[in-house]
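Hi,

Here is the structure I promised to pass on. Have a look at it first, and my notes on what turned up follow below.

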Amino acid sequence: MTPKRVLICTNRTCRKQGSQKVLAAFQSLPVADVTLESSSCLGQCGNGPMVLILPEEIWYSQVQPDEVKTVVEKHLQGGIPVKGMLYPKFHPH
């Protein structure tokens with residue numbers, strides 16, 4: 001099984017939108033066998049902070065620090081993506 005990776009864009013636009021706080025929120029809630037990575041631009045500028053969960057390629061957009069706990073508990077620990085937070089460009093409803 002491929003280990004999970006969480007990429008948090010910390011490039012210019014996402015950083016202006018608060019991605020450093022999102023990264024810090026993930027770092028404060030570590031999950032076994034999940035790697036957190038500060039990422040360069042993920043190519044979705046203006047929709048951030050962007051979070052990409054690999055290997056499933058699940059995209060979350062406009063992630064706020066207070067939403068990180070939900071992603072950790074439901075998706076990273078529970079295995080179920082958080083529907084209301086999915087990036088609609090890649091995960092249409």
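Q62 sits in the loop between β4 and α3; helices (H or I, at least four residues) and strands (E, at least two) are DSSP runs, numbered from the N terminus. Its phi is near 50°, a positive value in a residue other than glycine. At 48% relative accessibility, Q62 counts as partly exposed, where buried means under 20% relative accessible area, exposed over 50% and partly exposed in between (1.4 Å probe, protein chains only).

Before I go on, the housekeeping. This is a predicted model, in which local features need pLDDT of at least 70 and side-chain atom pairs count only at pLDDT 80 or more, while totals for chains, interfaces and linings use all residues. Residues are numbered from 1 along each chain as its sequence is written, and side-chain values use heavy atoms, with hydrogens and water left out.

Back to the backbone. E57 has a positive phi too, near 60°, and is a residue other than glycine; its place is in the loop between β3 and β4. P49 belongs to the loop between β2 and β3.

Now the sheet. It is open, has 4 strands in the order β2-β1-β3-β4, and its pairing is mixed (two strands pair if DSSP finds at least two bridges between them). The edges are β2 (34-39) and β4 (58-60), each with a single partner strand, so one side of each has no neighbour in the sheet. On average, neighbouring strands are turned by 20° against each other, direction ignored; axes are lines fitted to C-alpha atoms, for helices over the stretch in contact, and angles run from 0 to 180 degrees between N-to-C directions. Strand β1 (residues 4-9) pairs with β2 in the parallel sense over 6 bridges, and C9 is opposite S39 in β2.

Helix α2 (residues 19-27) packs on this sheet and touches β1, β2 and β3 (51-54), its direction making about 155° with that of β1. Contact here means heavy atoms within 4.5 Å. Which residues of α2 are buried? They are S19, V22, L23, A25 and F26. Seen down the axis of α2, these fall within an arc of 160°, so they line one face of the helix; the arc is that of the directions from the helix axis to the C-beta atoms. They pack against β1, α1 (12-16), β2, β3 and α3 (68-77).

Last, the aromatics. Searching the whole structure gives 3 aromatic pairs. Rings of Phe, Tyr and Trp (its six-membered ring) pair if their centres lie within 6.5 Å, and planes under 30 degrees apart count as stacked, over 60 as edge-to-face and the rest as tilted. W59 and Y87 have ring centres 6.5 Å apart and planes at 45°, so this pair is tilted. W59 is in strand β4 and Y87 in the segment after α3, so the pair ties together parts that are 28 residues apart in sequence. Both W59 and Y87 are buried. W59 also forms a tilted pair with F90, 4.9 Å centre to centre and with 50° between the planes. F90 is in the segment after α3, 31 residues from W59, and is partly exposed, with a relative accessible area of 35%.

Cheers
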